[in-house]
Amino acid sequence: MTPKTDFTDEEWTRLKRAPFVAGMAISLADPGGPIEAVKETSATLKTVVRAAEEGGRGELVDAVASDAAQDVRERKSPLKGFRPAKGANAGVEILDELREVNRLVSEKATPEEAAGMRDLLMDAAQEAANAAKEGGFMGFRAERVSEGEQRMLDSLREALGASSA
């Protein structure tokens, strides 16, 4: 297992916020209204809390999820220290942040732990994408995952070097 002490405080903060950044990527990929944003954020939170409670994703990922869930319970911002630019550059900054997280775990953790972290990030993004229907009128002809969200999921998968789901 790769212990928390193998990471600097800044690196550990990046690891803890990464699932929330992945969820944010989906929200920004196809902005809906406030209800959709709340549903997507809630789905990301639930993914992290479930990962912390259930464990089994490897010791490093379990520790990251546990610390992130604890921060949320203490009402600390899960996105502390990360604020992407508004507009088109936000997606680029988000992908860059997640690439950096992937680089960190790939360099410092075991291959299994790095894969587990990539899986957690993709799970958080996928759950956010599935959380709210997009488009349509009053729910009619709405789609579960919009084209923009699917493009972002594909971009995340590519940025992380994750296998297709």
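This is a predicted model: local features need pLDDT of at least 70, side-chain atom pairs count only at pLDDT 80 or more; totals for chains, interfaces and linings use all residues.
Start with helix α1, residues 9–29, and helix α3, residues 59–73. Their axes come within 9 Å and cross at roughly 80°. So α1 and α3 are roughly perpendicular to each other. On the α1 side, the contact uses Trp12, Leu15, Lys16 and Phe20. On the α3 side, the residues include Leu60, Ala63, Val64 and Asp67. The tally for this contact is 8 nonpolar, 3 charged and no polar.

Now turn to α4, residues 89–108. Its axis also comes within 9 Å of that of α1, crossing at roughly 145°. The crossing is left-handed. Among the α1 residues here are Arg14, Leu15, Ala18 and Val21. They face a set in α4 that includes Ile94, Glu97, Leu98 and Val101. This contact counts 13 nonpolar, 6 charged and no polar residues.

Which charged side chains pair up between Arg14 and its partner in α4? Arg14 and Glu97 form a salt bridge, 2.9 Å from N to O. Arg14 lies in α1 and Glu97 in α4, so the bridge ties together parts 83 residues apart in sequence. Both ends are buried: Arg14 at 18% relative accessibility, Glu97 at 7%.

Next, a pair within α4. Arg103 and Glu107 bridge at 2.6 Å, N to O. Arg103 is partly exposed at 34%, while Glu107 is exposed at 54%. Shared partners link Arg14, Arg17, Glu97, Glu100, Arg103 and Glu107 into one salt-bridge network. In total, the structure holds 13 salt bridges.

Terms used. Residues are numbered from 1 along each chain as its sequence is written. Side-chain values use heavy atoms; hydrogens and water are left out. Axes are lines fitted to C-alpha atoms, for helices over the stretch in contact, and angles run from 0 to 180 degrees between N-to-C directions. Helices (H or I, at least four residues) and strands (E, at least two) are DSSP runs, numbered from the N terminus. Angles under 35 degrees count as roughly parallel, over 145 as roughly antiparallel, 65 to 115 as roughly perpendicular and the rest as oblique. Contact means heavy atoms within 4.5 Å. Ala, Val, Leu, Ile, Met, Phe, Trp, Tyr, Cys and Pro count as nonpolar, Asp, Glu, Lys and Arg as charged, and the others, Gly among them, as polar. A crossing is left-handed if the near helix is turned anticlockwise from the far one by less than a right angle, and right-handed if clockwise. A salt bridge is a side-chain nitrogen of Lys or Arg within 4 Å of a carboxyl oxygen of Asp or Glu. Buried means under 20% relative accessible area, exposed over 50%, partly exposed in between (1.4 Å probe, protein chains only).
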